[in-house]
Amino acid sequence: MVFDVLTLFPEMFESVLNTSILGRAIKKGLIKVNLYNIRDFAKNKHKRVDDYPYGGGCGMVMMPQPLFDAFYYIAQLNGGTLPTVIYFSPQGTTFNQKIATDFSKADHLVLLCGHYEGIDQRIIDNFVDVEISIGDYVLTGGELPAMIFIDSVSRFVSGVLGDEQSAREESFSNGLLEYPQYTRPYDYQGHKVPEVLLSGNHKEINKWRKLHSLNNTLIKRPDLLKNTELSAEDKQMMRILKQRT
Ligand code: 4GX
């Protein structure tokens, strides 16, 4: 899968793309991230990419020319057609796991990162297919949202996670929060690991994990349960949990 990123600050991406799971996925060739510096497309003498807003007001607006030319360039590299273009802004649809899985099926996406007060609306009107927000708070630019997008979408690209993790992912794509995890030692300063996890009884272990997964969700994120399909056994467990609170 290929991500073309249009940004004024390509250096912000370096450590994120060179580290851990994303770093490995890129080295393996499972994903490719092409960073384009928008400033490289500026045609004026001082390589300016922003200008004052029409109508007045504070802040600067990213001007059309460099981005129009960047999109023409990327389209030309792809036989004249532009892949789906995503723009990150607080006005977009709020990003979630479902949207991440949907985009992981694409083979090529263009991510536009705005900076300053925003970008000239004509860029959005002519090139942007989807506007995405990573949450209701204001950032200084679209670079962090683009990195979050690449990270969460790449996890669903085949081979990016190990077999074990992708199987685990499946068992938790049910919209529930995770169960508590423990590692050695069994007794750390008197704080012990729940006995059942040491029992070797996998039926009981799975039951314990499901119980805590349901309970965590009920206590911390009851809103998630509205969109979650529960089995008959899960519903029974849930009734018991609800009586106890
Ligand atoms: N989820 N930002 C985009 C530039 C901007 C300014 C004004 C449109 C109008 C954000 C978020 C986010 C800050 C990225 C403003 N664009 N992006 N940037 N939350 O806050 O995605």
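Rings of Phe, Tyr and Trp (for Trp, its six-membered ring) form an aromatic pair if their centres lie within 6.5 Å; planes under 30 degrees apart count as stacked, over 60 as edge-to-face and the rest as tilted. The model is predicted: local features need pLDDT of at least 70 and side-chain atom pairs pLDDT 80 or more, whereas totals for chains, interfaces and linings use all residues. Residues are numbered from 1 along each chain as its sequence is written, and side-chain values use heavy atoms, without hydrogens and water.

Select F3, F88, F95, F103 and F149 to begin; these residues make up one aromatic cluster. Across the whole structure, 11 aromatic pairs are found.

Next, select Y36 and Y73, an edge-to-face pair with centres 6.2 Å apart and planes at 75°. Y36 belongs to strand β2 (residues 32-37) and Y73 to helix α3 (residues 64-77), so the pair ties together parts 37 residues apart in sequence. Helices (H or I, at least four residues) and strands (E, at least two) are DSSP runs, numbered from the N terminus. Y36 is buried, at 15% relative accessible area, while Y73 is partly exposed, at 37%. Buried means under 20%, exposed over 50% and partly exposed in between (1.4 Å probe, protein chains only).

Now display the strands. Five of them form an open, parallel sheet in the order β2-β1-β6-β5-β7; two strands pair if DSSP finds at least two bridges between them. β2 and β7 (130-133) are the edge strands, each with a single partner, so one side of each has no neighbour in the sheet.

Finally, select β1 (residues 2-7) and β6 (residues 108-112), parallel strands joined by five bridges. Within this pairing, L6 has L112 of β6 as its bridge partner.
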